[in-house]
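Visitor: Could you take me through this structure one feature at a time, giving the general idea before the particular case?

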Amino acid sequence: SQPKNDAWENDNSSKTVTLDGRPITLQKQMIGARYEGLPIAKNATVLDAQIILTPDNTVASPSHTLNVAVENTDNSVAFLANGGNLTARSKTANRACTINSTSGWTAGEPYLCSPASLASDIQGIFAKSNWAPGNSLGLLLTPAADSSLDIRSFESSPAESIRLRMK
């Protein structure tokens, strides 16, 4: 089967990981996004890093805060359905990212999240001794509060999934 490039882990005692490609609800659970086969050279400089989220539904709530961390490894492995697979991964410090929308969120319309220091955290991964072009990078996101907002997943809509833009 294909590697899973996004997943979410329930915030309960079982820490169940879901990989089924349904939209991901922004509730107090950990969300993983994985970017396979990046053609980025070792020690590459990252000037800026942004995350783009695309809602699957429309909600009136104008802002959402996510805590974003980079998986602290030189080659992120595919997400597995094992309980605790996301929370067990080593990660960098959480970076708060608040996404404001004055009129709420509209399904299918992308929204930008620019956490401070995310670029330097990613650059630190590219500086690891075993980083090489073709390796994979993982992000771990945790919503600061429950929301009814659903975001599109990679398996259901790759072009509208959790995207990472770097320069």
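Guide: Read along the sequence, the elements come in the order β-β-β-β-β-β-β-β-α-β-β-β, where helices (H or I, at least four residues) and strands (E, at least two) are DSSP runs numbered from the N terminus. That makes one helix and 11 strands in the protein. This is a predicted model, in which local features need pLDDT of at least 70 and side-chain atom pairs count only at pLDDT 80 or more, while totals for chains, interfaces and linings use all residues. Residues are numbered from 1 along each chain as its sequence is written, and side-chain values use heavy atoms, with hydrogens and water left out.

Visitor: What share of the contacts with a separation of 6 or more joins residues 24 or more positions apart?

Guide: With contact meaning heavy atoms within 4.5 Å, such residues account for 81% of those contacts in the protein.

Visitor: What percentage of the residues count as buried, and is Ala 60 buried or exposed?

Guide: Buried means under 20% relative accessible area, exposed over 50%, and partly exposed in between, with a 1.4 Å probe and protein chains only. Of the 167 residues, 47% count as buried, whereas Ala 60 counts as exposed because its relative accessibility is 67%. Ala 60 is found in the loop between β5 (49–53) and β6 (63–70), and its C-alpha lies 31 Å from that of Lys 4, with the two residues 56 apart in sequence.

Visitor: How many aromatic pairs does the structure hold?

Guide: Rings of Phe, Tyr and Trp (its six-membered ring) pair if their centres lie within 6.5 Å; planes under 30 degrees apart count as stacked, over 60 as edge-to-face and the rest as tilted. The structure holds two such pairs. Trp 105 and Tyr 111 form a tilted pair, 4.5 Å centre to centre with 35° between the planes, and both residues are buried. The rings of Phe 126 and Trp 131 have centres 4.8 Å apart and planes at 50°, so this pair is tilted; Phe 126 and Trp 131 are buried.
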